[in-house]
Amino acid sequence: MRPLTDEETKTMFEKLSKYIGENIKLLVDRPDGSYCFRLHNDRVYYMSEKILKLATHISRDKLVSVGTCFGKFTKTIKFRLHITALDFLAPYAKFKVWLKPGSEQSFLYGNHVLKSGLGRITENTMQYQGVVVYSLTDVPLGFGVAAKCTQECRQVDPMSIVVFHQADVGEFIRNEDTLT
């Protein structure tokens with residue numbers, strides 16, 4: 001387990017800023033202690049410094065994971081967020097989308113969000129902006145990328161895609177065998 005390089009940190013923070021903007025600093029500077037990001041086997045983990053000190057007593061080859069997995073780096077050094085980061089993204093999300101009850105299941109099966117399933121969307125959401133997807137009862141379901149801006153969403157036909165699917169809480173069940 002090692003600290004992220006400057007390039008890795010920049011790449012990861014750019015991806016996180018698509019979803020939570022300048023609220024990234026709230027993840028690191030928390031009132032309940034110091035938190036940090038560490039890289040282990042191409043995966044980025046978020047943990048308190050107390051946990052980090054305890055984890056240093058375990059050899060790298062024996063350590064499976066520590067803290068919360070935020071995502072992983074691909075071989076081309078692109079950062080992909082994992083669904084396990086949703087609990088940390090949801091409270092700080094700047095742009096949100098709420099789904100109608102009938103389209104929640106479709107989203108949880110890995111499908112994109114159609115205009116017909118859109119309940120509400122945050123004002124001034126730009127195209128290709130990262131959004132956190134909620135049910136109408138404010139339960140975070142996953143995250144995605146806005147396919148259309150807020151103004152376009154009002155005028156498109158009901159079968160148009162308005163949010164591209166990135167990750168959802170249904171992945172825990174669908175990919176149970178391959179998640180590590």
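Predicted model: local features only at pLDDT ≥ 70, side-chain atom pairs only at ≥ 80, totals over all residues.
Local features need pLDDT of at least 70, side-chain atom pairs count only at pLDDT 80 or more, and totals for chains, interfaces and linings use all residues. Residues are numbered from 1 along each chain as its sequence is written, and side-chain values use heavy atoms, with hydrogens and water left out.

Start with charge pairs. Side chains of opposite charge can pair when their charged atoms come close. The structure holds five salt bridges (a side-chain nitrogen of Lys or Arg within 4 Å of a carboxyl oxygen of Asp or Glu). One of them joins Arg2 to Glu8, with the closest N and O atoms 2.9 Å apart. Arg2 is partly exposed, at 31% relative accessible area. Glu8 counts as buried, because its relative accessibility is 12% and buried means under 20%, exposed over 50%, and partly exposed in between (1.4 Å probe, protein chains only).

Another salt bridge pairs Glu14 with Lys10, at 3.6 Å from N to O. Both residues sit in helix 1 (residues 6-20), four residues apart, about one turn of the helix. Helices (H or I, at least four residues) and strands (E, at least two) are DSSP runs, numbered from the N terminus. Glu14 is partly exposed at 43%, and Lys10 is exposed at 54%.

Glu22 and Lys94 also meet in a salt bridge (3.3 Å, N to O). This pair links distant parts of the chain, 72 residues apart. Glu22 lies in the loop between helix 1 and helix 2 (24-28), and Lys94 in the loop between helix 4 (86-89) and strand 7.

Now follow strand 7 (residues 96-99). Four bridges join strand 7 to strand 10 (residues 130-135), and the two run parallel. Strands pair if DSSP finds at least two bridges between them. Trp98 has Tyr134 in strand 10 as its bridge partner. Three bridges join strand 7 to strand 9 (residues 118-121), this time antiparallel. There, Leu99 is partnered by Leu118.

Finish on the surface. Val169, Phe172 and Ile173 form a nonpolar patch with about 280 Å² of accessible area together. Patches are made of residues with over 30% relative accessible area and no salt bridge; like charges are joined within 9 Å, nonpolar side chains (Val, Leu, Ile, Met, Phe, Trp, Tyr) within 5 Å. Accessible areas come from the Shrake-Rupley method with a 1.4 Å probe; for residues, only the protein chains shown count as cover. Ile173 lies in helix 7 (residues 171-174) and is exposed at 68%.
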